[in-house]
Amino acid sequence: MKKRGKFIVIEGIDGSGKTKQFKLLEQRLRSIRNKLITTDFPRYYESKWGELVGRFLTGEFGKLEEVNPYLAVLPYMMDQYTWSRDVATPWIEKGGWILSNRYFTSNVHQIAKLNTATQKKYRDWLWPMGYKELGLLKPDLVIFVDTPPEVARKLNLRKGERAYIKRKKRDIAESHWEHQKAAYREYKRTVAVYHWWESVPGIKNAERDYSNKIHENIWQIIEKRLLREN
C-alpha cells in the first residue's frame with residue numbers, strides 16, 4: 001500500500017515574507033522529493049472562483065468591511081474546494097507532497113474582519129464548513145511566519161507600490177492597516193489552538209534580510225514533524 005503524501009501550507013499577514021519562504025522551501029523540498037507540486041491561493045488566473053476573489057480584492061463589490069464575511073468567504077472556499085477535489089486529494093493519495101502559499105487556512109482574515117463578540121460563532125461555522133461539509137483536504141502542517149505587523153507594514157507598502165505600478169489596482173486587504181493587525185492577532189490565536197499549526201519568528205527589521213534564518217527554522221520543524229516519519 002502506497003504511503004500517503006504530505007501537505008504543507010505557508011501562512012502570514014501581507015508583508016510577512018511568506019512568499020520568499022515558500023520559494024526557499026520549494027527549492028529544498030524538490031532536492032529530496034521527486035513528487036512535489038506547489039500552488040498559490042487565491043488562484044486568480046487558474047480558476048473562475050479565484051478570478052472572482054481577485055475582483056473582490058480590488059474593491060469591485062464594496063469595501064473590505066462592507067461585504068459580509070459569510071458571503072465573502074464563499075468564492076475563496078470554492079476555489080479551494082475545486083483544487084482539493086481535482087488536484088490535491090488524488091495527488092496526496094498517490095504519495096505526492098504539496099506545498100501551498102496560503103490556502104483555506106488564510107480565511108483567518110475573514111474572522112479578523114468581525115468584532116470580538118461574533119468571532120467565535122464565525123470560527124465555529126467556518127472550519128467545519130470547509131473541512132467537514134466541503135471535505136477540503138486538511139494540511140498536515142501549517143507554518144505561520146510571525147513577522148510583527150509594524151515591520152510587515154513597511155515591507156507591504158513597498159510591495160504595494162510595486163504592484164500598483166504594475167497593475168494600477170490596489171489590494172484592499174493589503175492596504176487596510178487595521179485589518180492586517182487584526183489578522184495578525186487571529187493568526188497568533190489559531191497557532192495557539194491547533195496542534196498542526198506552527199509559528200516561526202519572522203522579519204524583525206525591514207532593513208535586514210532574515211530569510212535564511214527563517215528558512216532554517218521552518219526546515220527544522222518539517223524535519224521533526226514530517227520527514228522523520230517517512
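1. Start of helix H3. A side-chain oxygen of Asn68 comes to within 2.8 Å of the backbone nitrogen of Tyr70. That is a polar contact: N or O atoms within 3.5 Å, one able to donate a hydrogen and the other to accept it, with residues adjacent in sequence counted only if both atoms are side-chain atoms. The model is predicted, so local features need pLDDT of at least 70 and side-chain atom pairs 80 or more, while totals for chains, interfaces and linings use all residues. Residues are numbered from 1 along each chain as its sequence is written, and side-chain values use heavy atoms, without hydrogens and water.

2. Along H3. The helix covers residues 69-93 and bends by about 50° at Ser84. The bend is the angle between axes fitted to the seven residues ending there and the seven starting there. Helices (H or I, at least four residues) and strands (E, at least two) are DSSP runs, numbered from the N terminus. Just after H3, Gly95 has a positive phi of about 95°.

3. Backbone points to check. Most residues other than glycine have a negative phi, and most peptide bonds are trans. Arg102 is not a glycine, yet its phi is positive, about 70°. Arg102 lies in the loop between strand E3 (97-101) and helix H4 (108-112). It is buried, at 14% relative accessible area. Buried means under 20%, exposed over 50%, partly exposed in between (1.4 Å probe, protein chains only). The Phe41 to Pro42 peptide bond is cis, with omega near -5°.

4. Aromatic pairs. Rings of Phe, Tyr and Trp (its six-membered ring) pair if their centres lie within 6.5 Å; planes under 30 degrees apart are stacked, over 60 edge-to-face, the rest tilted. The count is 19 aromatic pairs. Phe41 and Trp83 form one, edge-to-face, at 5.2 Å centre to centre and 80° between the planes. Phe41 is in the loop between E2 and H2, Trp83 in H3, 42 residues apart. Both are buried.

5. Salt bridges. The criterion is a side-chain nitrogen of Lys or Arg within 4 Å of a carboxyl oxygen of Asp or Glu. The whole structure has 14. In one of them, Asp140 pairs with Arg4, with the closest N and O atoms 3.4 Å apart. Asp140 lies in the loop between H5 (116-133) and E4 (141-146) and Arg4 in the segment before E1 (7-11), so the bridge ties together parts 136 residues apart in sequence. Arg4 is partly exposed, at 38%. Within helix H2, Lys48 and Glu51 are 3 residues apart, about one turn. Their side chains meet at 3.8 Å, N to O.
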